[in-house]
Number of protein chains: 2
Amino acid sequence: MTKQELFENIKHKQSFLCVGLDTDISKIPVHLLNEEDPIFEFNKQIVDATKEYCVAYKHNMALYETQGAKGWTSLEKTIKYINENYKDVFTIADAKRGDIGNTSSMYAKAFLENLNFDSITVAPYMGEDSVMPFLEFKNKWVILLALTSNKGAHDFQTTMINAEMEDQNYLYQEVIDKSRKWGTSENMMYVIGATRAEMLTDVRTIISDHFLLVPGVGAQGGSLEEVAKFGMNKECGLLVNSSRGIIYAGVGEDFADKAREEAQKLQLEMKQLLEIYL
Amino acid sequence: MTKQELFENIKHKQSFLCVGLDTDISKIPVHLLNEEDPIFEFNKQIVDATKEYCVAYKHNMALYETQGAKGWTSLEKTIKYINENYKDVFTIADAKRGDIGNTSSMYAKAFLENLNFDSITVAPYMGEDSVMPFLEFKNKWVILLALTSNKGAHDFQTTMINAEMEDQNYLYQEVIDKSRKWGTSENMMYVIGATRAEMLTDVRTIISDHFLLVPGVGAQGGSLEEVAKFGMNKECGLLVNSSRGIIYAGVGEDFADKAREEAQKLQLEMKQLLEIYL
């Protein structure tokens with residue numbers, strides 16, 4: 001998907017919501033456990049119920065990998081279902097990969113080509129040649145970790161560094177500043193945790209045009225209004241993720257309806273924020 | 001596996017060799033393509049041929065993930081085969097994972113419990129709470145990325161930082177210094193690339209007792225002698241990985257014999273180095 005197409009979808013749906021398919025077999029409604037592939041069935045019904053209110057789906061790889069080969073099959077079926085039925089959603093493999101060049105090429109092939117995700121989250125620690133192989137696919141995206149939403153973000157990401165760039169203090173800013181030259185705002189996004197919304201102002205001084213994937217709204221405690229206020233740019237430039245708050249909103253047979261309601265609530269908030277800040 | 005058991009295996013085999021099972025279906029001998037599971041068959045024969053000369057096997061996850069669910073099955077079969085037949089080898093899931101706490105827990109379960117690897121490589125960028133969940137399994141190990149063997153290691157890992165520790169300059173040193181308090185030398189190792197063997201001296205001033213996983217000998221150009229000279233400690237403290245140089249030493253029906261020869265060559269070098277430096 002191109003940046004322009006993503007922006008068109010945001011305007012059309014009046015939403016910058018990303019629904020996180022962190023599908024945990026121990027948390028899905030029990031009646032689904034009789035299905036041949038409970039995880040796929042859950043994902044399918046969540047996607048069918050929420051597609052009008054979101055522009056992206058993020059798949060948390062860990063949840064599929066704990067299920068082994070079977071989990072991988074559920075993932076393959078889910079992404080195929082989305083790609084075949086809903087061309088107006090952006091798909092994210094939340095995999096946080098990154099390795100030496102030829103290994104990164106293999107991960108890129110696995111997620112961007114074989115599974116045909118629009119994007120993959122990548123960890124920056126190993127530097128340029130670990131990220132570049134993910135940038136070689138047309139209309140596909142790298143979403144690079146910059147400032148994450150967890151407590152451990154303070155261990156290294158906000159370490160003060162002696163950087164090449166003036167007025168720059170933190171490792172995560174150096175990660176953004178250096179890596180933005182590896183690609184463009186047409187193929188790179190950044191993960192910026194919502195729990196640090198005020199830092200979005202600093203981020204926007206380095207990258208005004210890039211999309212940001214913002215986790216941490218909802219269960220992790222970030223404010224949607226602050227994210228929009230400090231982070232939105234002229235093409236919205238935001239994908240805000242909510243996982244558990246939506247997909248586990250209900251635990252009964254009406255789980256998909258409950259998920260729809262939660263997604264719609266967020267979409268309505270986003271609509272207002274788009275009217276104010278876009 | 002405990003540290004003591006690993007050291008006993010090193011002394012017994014007079015080897016600190018780790019064989020990297022970077023099994024690429026496009027590079028394995030063509031006659032194996034008729035097998036039901038060519039990747040497993042290749043791995044099995046490589047393991048059978050090299051087991052006397054190495055103390056560890058490292059599995060590169062990317063190579064399995066490019067094959068989808070089928071690749072995951074080949075991986076499951078390989079690790080099961082090793083665990084059932086060769087209890088004196090240390091197994092490494094080279095996965096470079098790391099995510100928010102509950103997601104890291106899922107990855108830990110996938111690799112250390114379900115697949116029953118002895119260890120997993122983890123990326124440090126997301127900090128303490130992204131690493132801790134991997135340390136909750138008895139006699140299992142985290143192998144944390146510190147200084148990798150690729151060119152991109154210079155982008156961030158060797159960035160000068162304003163650290164809490166005196167006499168400390170680089171991010172990778174801060175990663176080691178901070179993270180060593182998260183576990184012990186009984187459950188944490190570090191990745192230190194062999195292409196920077198002289199830096200092993202600096203590493204050993206921070207962590208004298210930890211094992212180091214050293215990639216980059218062979219195809220990537222590092223010197224085994226220098227690694228031993230600068231990195232060995234009183235329990236050896238080194239696992240040196242070689243992947244392509246061993247597993248693709250032959251391309252014909254005798255590929256396993258060729259792999260054995262290459263593994264044995266390295267083992268003989270290591271035996272001499274153990275006599276000098278241990």
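Which handedness does the β-α-β unit made by E1(A), helix H2 and E2(A) have? The points below answer this and go on to other parts of the predicted model.

1. The opening unit. E1(A), helix H2 (residues 38-50) of chain A and E2(A) make a β-α-β unit that is right-handed. Its two strands, E1 (residues 17-21) of chain A and E2(A), run parallel and are joined by four bridges. One place to look is Val19(A), whose bridge partner in E2(A) is Tyr57(A).

2. The other neighbour of strand E2 in chain A. E2(A) is also joined to strand E3 (residues 90-97) of chain A, by five bridges, and these strands run parallel.

3. Burial of strand E2 in chain A. Strand E2 (residues 56-60) of chain A has five residues, and five of the five are buried, so the strand is largely enclosed by the rest of the structure. In a regular strand the side chains alternate between the two faces of the sheet. In E2(A) both faces are covered: one side has Ala56(A), Lys58(A) and Asn60(A), the other has Tyr57(A) and His59(A), and all are buried.

4. Strand E1 of chain B. What holds for E1 (residues 17-21) of chain B is that five of its five residues are buried, so this strand is largely enclosed by the rest of the structure. Leu17(B), Val19(B) and Leu21(B) lie on one side, Cys18(B) and Gly20(B) on the other, and with all of them buried both faces of E1(B) are covered.

5. Partners of that strand. E1(B) pairs in the parallel sense with strand E8 (residues 238-242) of chain B over three bridges, and with strand E2 (residues 56-60) of chain B over four bridges. Cys18(B) has a bridge partner in each: Asn241(B) in E8(B) and Ala56(B) in E2(B). From E1(B) the chain crosses through helix H2 (residues 38-50) of chain B to E2(B), in a β-α-β crossover that is right-handed.

6. Strand E4 of chain B. E4 (residues 119-122) of chain B has both faces covered, with Ser119(B) and Thr121(B) buried on one side and Ile120(B) and Val122(B) buried on the other. Strand E3 (residues 90-97) of chain B pairs with E4(B) in the parallel sense over three bridges. Ser119(B) stands opposite Ile92(B) and opposite Trp141(B) in E5(B).

7. The nonpolar core. Which residues touch the most other members of the largest nonpolar core? Of its 194 residues, they are Leu17(A), Ile143(A), Leu238(A), Leu17(B), Ile143(B) and Leu238(B). Leaving aside neighbours within four places in sequence, the contacts of Ile143(A) include Ile92(A), Ser119(A), Val122(A), Met189(A), Val191(A) and Leu213(A).

8. A helix with a buried side. Helix H10 (residues 224-231) of chain B has Leu224(B), Val227(B), Ala228(B) and Gly231(B) buried. These residues cover an arc of only 100 degrees around the axis, which puts them on the same side of H10(B). Among what covers them are helix H9 (199-206), strand E7 (211-214), E8 and helix H12 (255-277) of chain B.

9. How the two chains are related. Chain B is superposed on chain A by a rotation of 180 degrees with 0.0 Å of shift along the axis, at an RMSD of 0.0 Å. That is the relation of a two-fold axis. Both copies use the same surface, as 100% of the contact residues of chain B recur in chain A.

10. The contact between the chains. Chain B gives 49 residues to the contact and chain A gives 49 residues. On the side of chain B that touches chain A, the elements giving two or more residues include helix H3 (61-65), helix H4 (68-85), E3, H5 and helix H8 (171-179) of chain B. The largest share of that side, seven residues, comes from H5(B).

11. An exposed residue. Is Val251(A) buried or exposed? Val251(A) has 12 C-beta neighbours inside 10 Å and therefore counts as exposed. It sits in the loop between helix H11 (244-247) and helix H12 (255-277) of chain A. From Val251(A) to Glu198(A) is 53 residues in sequence and 35 Å in space, C-alpha to C-alpha.

Conventions: Residues numbered from 1 in each chain as written. Chains lettered and ligands numbered in written order. Predicted model: local features only at pLDDT ≥ 70, side-chain atom pairs only at ≥ 80, totals over all residues. Buried ≥ 20, exposed ≤ 12 C-beta atoms within 10 Å, placed from the backbone. Pairing = 2+ DSSP bridges. Least-squares fit on C-alpha atoms with pLDDT ≥ 70 in both. Contact = placed C-beta atoms within 7 Å. Core = buried A, V, L, I, M, F, W, Y, C linked by C-beta atoms within 7 Å. Right-handed = clockwise from strand over helix to strand, strands pointing away. Arc of directions from axis to C-beta.
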